[in-house]
Amino acid sequence: MNPSTAFATVVVDELIRSGVREAVLAPGSRSTPLALALAAADRDGRLRLHVRIDERTAGFLAIGLIRGTGLPVPVVTTSGTAVANLHPAVLEASHSGLPLIVLSADRPPELRGTGANQTTDQLKVFGDAVRLFHELGTPSKQVGQVAYWRSQIARAVSTAVGARTADPGPVHLNCPLVEPLVPTGDGDWPEPLDGRTTGPWTSVHATGAQPSAVAPGPKTVVVAGDGASQAARLAAEAGNWPLFAEPSSRARTGPAVISSYRLLLAATSQAATSSAATSSAAAAAPTSSAVTASPALSSLGAEIERVIVFGHPTLSRPVSKLLARPDVEVIVVAPTGLWPDAAHRAASVVTGLEVIGSDQTDWLDRWQHADQLARAAMDKVFAGGLSGPVIAAVLGEVVGADGMLVVASSNPVRDLDLAPVVPIRTVANRGLAGIDGTLSTAVGAALANAGATYALVGDLAFLHDSNGLVIGPAEPRPDLRIVVLNDNGGGIFATLEQGGGDHADYFERVFGTPHNVDLAALCAATGTPHQLVETADQLREVLARTVAGIDVVEVKVDRSTHRDLHAELHQAISQL
């Protein structure tokens, strides 16, 4: 057996022993040994292989598989620019704490700097975005190679899942491979290629820490950001505290949820900020939708004294301003090594939380009453026609509380945040909140879900990752329905400062970025069924149909109405 074939055989076997069940491959020549080993494992039913022709698509497909399964997923590329195309997915995995394993094939080190074809310096190409980088030595036919390969794979997987550090994230193994790159028929090797009798080569055990006790007292709210998990919900219910949960928190369920929290906080933030000392973090410029809150709501927001943070909150300025208030105690619950504290106001960071006793006042009741009033006001505003929040609400209703929904960054996730029903299994790439790779993430999540899955994306996110619809005939295909909210450009900017009248002269070209792309024709190019709907009732009817394979439902929205709609929402809440 030649060294490259032996290497790939051992590496794939040890990945499987370490818990890998899905793998993604972008084709290439130098990565041939790994490709053949993965294909053999797929044939034998030891893992499921997914092949994509675009490395960026491959990377985000792996992200989706990880979000769907919770397991580490390797992505294999050839050398050169192929590796660099994984960088966006690596960054998302780094900021989201996802165990992405990059296996980059490479030329032997002696070819670097010589002008050899498809050869560049791939060492630490992802910088500090990975939790671990290691270049596996060029395979050679000698005793000791198997233990080295297996131990490095076990170490890389344990690092990716955060077994010892409680800080999961991507790892990068650079793999210099020498020719021949295909099996040569020689089965001789100086030592057995086998692994341990059971399990991985090195069994890595997790570290632990005792939870910290938190008692009632200050008027407390729980903020659940991306990836917060049910721990946030349990803490809120145990303390009898309001729960402000983002759609991808996996915590937006139960009686403590305040679904209109973002609008309620926006209506109260001005009063709350004025009651606190001025801080640089809280002095962000207000949007055009800033309004004066009613006395009752002003009091409610200003009374917040403590915030307990789970996950990675990124979705709204009102939450960011709340976490920046110097008069509010911020406790961050972070089971991993890193923790969110953009405003530098966290008073303590704890590994876990034990709530001892519940708030016996009417604190939660008052927030729930305000939420009920806000929802009624929102329904009146949304009754006027088809808009992003209406589309998101209809989709959330159809998917149901237990279904799986992948939602893109920018406006779609914020529209969903206003919906009364948000599926508990909502997936979103909020690590860096980029729109790239969204379709591939959805495909990966749907494959992992093994059932009907839905996605809500904007037109720019759809165009940015349209290659995600290119799936080879031999590849597993998910049952995925993609709803595209098409406002012909960057709709979110219309609701920000850039959308004000002062910038109207250049808004359309620089921020609105209309593209006029025929999405039906684009879908036809990949053989993806497409349907355009024009009303909420028609949308419900289409969404109720059985999901079989991948299809696209397009809903067109007038981007010029976004700013007025948001202003109307804030005005309606302010008058409660």
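## Two non-glycine residues with positive phi

Let's start in a loop: the one between helix H16 (504-512) and helix H17 (519-525) holds Thr-513. Although Thr-513 is not a glycine, its phi is positive, at about 40°. Please keep in mind that this is a predicted model.

Ala-166 is another residue to look at if you are checking backbone angles. Its phi is positive too, at about 55°, and Ala-166 is not a glycine. You will find Ala-166 in the loop between helix H6 (145-160) and S6. Ala-166 has 23% relative accessibility, so it counts as partly exposed.

## A cis peptide bond

The loop between strand S6 (171-176) and strand S7 (212-214) contains Pro-180. The peptide bond that runs from Glu-179 to Pro-180 is cis, and its omega is near 5°.

## The six-stranded sheet

Now for the sheet. Six strands form an open sheet in the order S15-S14-S16-S17-S19-S18, and the pairing is parallel. From one strand to the next, the twist averages 20°. Helix H18 (residues 536-543) packs on this sheet and touches S16, S17, S18 and strand S19 (550-556). The direction of H18 makes about 150° with that of S18.

Strand S16 (residues 453-458) deserves a visit of its own. It is mostly covered, with six of its six residues buried. Which residues point which way from S16? Thr-453, Ala-455 and Val-457 point one way, while Tyr-454, Leu-456 and Gly-458 point the other way, and all are buried.

On the S14 side, four bridges join S16 to strand S14 (residues 404-407), and the two run parallel. Here Ala-455 in S16 stands opposite Val-406. Strand S17 (residues 480-486) also runs parallel to S16, and six bridges join the two. Along this pairing, Thr-453 stands opposite Leu-480 in S17, and Val-457 has Val-484 as its bridge partner. Together with helix H15 (residues 459-464), S16 and S17 make a right-handed β-α-β unit.

Helix H1 (residues 3-17) and helix H2 (residues 32-43) have axes that come within 8 Å and cross at roughly 45°. That angle makes H1 oblique to H2, because angles under 35 degrees count as roughly parallel and those from 65 to 115 as roughly perpendicular. The crossing of H1 and H2 is right-handed. On the H1 side, the residues that meet H2 include Phe-7, Val-11, Val-12 and Ile-16. Among their counterparts in H2 are Pro-33, Leu-34, Leu-38 and Ala-41.

H11 passes H19 in a right-handed crossing. Which residues of H11 and H19 meet there? H11 contributes Ala-374, Ala-377, Met-378, Val-381 and Phe-382, and they meet Leu-565, Glu-568, Leu-569, Ala-572 and Ile-573 in H19.

Technical notes
Residues are numbered from 1 along each chain as its sequence is written. This is a predicted model: local features need pLDDT of at least 70, side-chain atom pairs count only at pLDDT 80 or more; totals for chains, interfaces and linings use all residues. Side-chain values use heavy atoms; hydrogens and water are left out. Buried means under 20% relative accessible area, exposed over 50%, partly exposed in between (1.4 Å probe, protein chains only). Two strands pair if DSSP finds at least two bridges between them. A crossover is right-handed if, with the strands pointing away from the viewer, the path from the first strand over the helix to the second runs clockwise. Axes are lines fitted to C-alpha atoms, for helices over the stretch in contact, and angles run from 0 to 180 degrees between N-to-C directions. Contact means heavy atoms within 4.5 Å. Angles under 35 degrees count as roughly parallel, over 145 as roughly antiparallel, 65 to 115 as roughly perpendicular and the rest as oblique. A crossing is left-handed if the near helix is turned anticlockwise from the far one by less than a right angle, and right-handed if clockwise.
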